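Have the sequence and the 3D view ready.

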Amino acid sequence: MIKVLFICHGNICRSPMAEFVMKDMVRKIGLEKEFYIASAATSTEEIDNDIHYGTRRKLREVGIPTSPRRAVQLTKADYMRYDYLIAMDSWNVRNILRIVGADPQKKVSLLLEFAGLHRDIADPWYTGNFDATYDDVCKGCQALLEQILAGNME
């Protein structure tokens with residue numbers, strides 16, 4: 001089973017959006033039993049809160065199902081639990097490494113790097129632009145999934 005953890009600051013906007021987008025992608029190709037996909041925060045600010053209404057609205061608009069969930073914080077043990085720890089921005093990468101320590105197995109990556117883009121995914125909590133965030137999340141998730149399926153992940 002391939003285990004993917006998407007990570008952002010609060011675990012209410014970008015990382016759960018990526019979680020549900022990726023779950024939808026693997027479901028559509030019949031591989032949902034081959035993947036375990038979740039999301040987490042680097043901060044404690046939103047712990048136990050459900051996804052942001054803007055994220056829920058955008059996913060509903062494009063027909064991606066969501067389920068009630070509670071924001072959780074990344075733990076040091078998650079490094080061994082997951083195959084991929086995927087950050088939404090470079091600040092998240094720094095915080096991930098602060099929490100887990102080192103990255104000797106090279107599990108920590110920025111989501112958009114898989115799509116050949118070396119930039120952050122903007123936080124719609126601040127921008128209000130859930131459409132742009134969704135577009136970036138889809139680009140990153142599609143590229144990540146293609147690389148996993150092709151076996152090109154290091």
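**Starting at strand β3**

Look at strand β3 (residues 84-87): Y84 and I86 point one way, L85 and A87 point the other way, and all are buried. Buried here means under 20% relative accessible area, with a 1.4 Å probe and protein chains only. Helices (H or I, at least four residues) and strands (E, at least two) are DSSP runs, numbered from the N terminus. In a regular strand, side chains alternate between the two faces of the sheet.

This is a predicted model, where local features need pLDDT of at least 70 and side-chain atom pairs count only at pLDDT 80 or more, while totals for chains, interfaces and linings use all residues. Residues are numbered from 1 along each chain as its sequence is written, and side-chain values use heavy atoms, leaving out hydrogens and water.

Now for the neighbours. Strand β1 (residues 2-8) runs parallel to β3, joined by four bridges; strands pair if DSSP finds at least two bridges between them. L5 has L85 as its bridge partner in β3, and L85 has V108 as its bridge partner in β4.

What about the inside? The largest nonpolar core has 34 residues, and I86 is among those with the most contacts inside it. Such a core is a set of buried Ala, Val, Leu, Ile, Met, Phe, Trp, Tyr and Cys residues joined through side-chain atoms within 4.5 Å. Helix α6 (130-150) is one of its suppliers, giving the most with nine residues. A second, separate core of 14 residues includes A87.

Technical notes:
Buried < 20%, exposed > 50% of the residue type's maximum accessible area, 1.4 Å probe, protein only.
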